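Hi everyone, thanks for coming.

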Amino acid sequence: MKFPKVTLIIPVYNTERYLHRCLNSAIYQTLNDIEIIIVNDASTDNSLKIIQEFQAVDKRIKLINFSKNKGNGTGRNTALKNARGQYILFLDADDWLEKAAAEFLYLKAKNENYKIVLMGYTQHFVASEKRHIMLPNFQENDPNIYRYFLTHRKGFGSMPWCYFYSRRLLMDKDITFTEGVYFEDVNFVAQAIFSVKDIGVVRDFPLYNYLVHKESITGFLTKKKIEDLFVVHILLKEYLIKKGVFEKFEKEYLIRFLVYCIEFSFLGFFKMKNKDMDAELKMFMNDIRTSEVMSLDNISVLKGAAEDCKSEKLTSKLLLSAYNFLGAIRTFYKPYRFVYKTKYRIYNFFKN
């Protein structure tokens, strides 16, 4: 039985506004030997109709249609079970691929025997109409892969679409998405990268286009999203403990937890409308703010980390910003929160 070279997996939920561009980028890939699995997660808009129109003209498209909403974790896992490609490439329904993305990644992985390949991407900001090219500066054969992943350095992130995976690797290691939660991709990527000794990298040009807009999962936070963000980071810690490497990566895990869980949650929490904040969420956030993990000694680790990666200007700036932000809400919570919320309202007033 001949298997396609690449399976392209696209989860869809109410993205009719962006779906034509996404699917066109999939069917017009220069690599023809692909299968395209689209999971429609019980969309209530015209997404299903659009998918069916594309399916009628391109027989490589396989549709998995859920009658009830199950979330990205279940959708992607279902697609993986049905995938036949030698390699897996993920594409979000509001994003799009460069035309030669699948072919370039396939040749890189196949010819150089990589089970995972890291790629760069272009961020497209809907609000400002600006774009920003994000290229990895990771050097192949660098032994610090997992440290870079945990701290989002050198182009590593937790988005499943910025990697190209061997399907055999995912099957052999039983790597799946966390179901029933937002941020289901954190532990999928964490386990995939932990399972390899080296990865390939495409450093010179972006292959993926990432649309940043307010309707995206990370565009605004809710109580459920904040809770889930902490859940997936607790699961990540449990995974590292299970593998016997938590002490080895404890500093990097702390940096990640402070920046990509706690700071991210507080930034979203401050932007939430009062009606969306109940007493339970307010108590939870205050307990986190006054917890030991938010001690000034722990927060100061971020300043040291910013110094250590000065050559990576964006990462260093992000770490220093997190150090200042978390230090401020730890020590001057009420006045800082008032100032932040006021600045955010003024920004939105003039933006709109």
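In helix H2, residues 47-57, the buried residues are Ser47, Ile50, Ile51 and Phe54. Buried here means under 20% relative accessible area, exposed means over 50%, and partly exposed is in between, with a 1.4 Å probe and protein chains only. Those four cover an arc of only 100 degrees around the axis, which puts them on the same side of H2; the arc is taken from the directions from the helix axis to the C-beta atoms. Lys49 and Ala56, on the other side of H2, are exposed. The cover over the buried residues includes strand E1 (6-12), helix H1 (16-27), strand E2 (34-41) and strand E3 (61-66). Helices (H or I, at least four residues) and strands (E, at least two) are DSSP runs, numbered from the N terminus.

A quick word on the source: this is a predicted model, where local features need pLDDT of at least 70 and side-chain atom pairs count only at pLDDT 80 or more, while totals for chains, interfaces and linings use all residues. Residues are numbered from 1 along each chain as its sequence is written, and side-chain values use heavy atoms, leaving out hydrogens and water.

Now to Glu252, which is found in helix H9, residues 250-271. Is Glu252 buried or exposed? At 12% relative accessibility, Glu252 counts as buried. Leaving aside neighbours within four places in sequence, Glu252 is in contact (heavy atoms within 4.5 Å) with Arg147, Leu150 and Thr151.

Last stop, helix H5, residues 145-150: Tyr146 and Phe149 are three residues apart there, separated by about one helical turn. Tyr146 counts as buried at 6% relative accessibility, and Phe149 at 0%.
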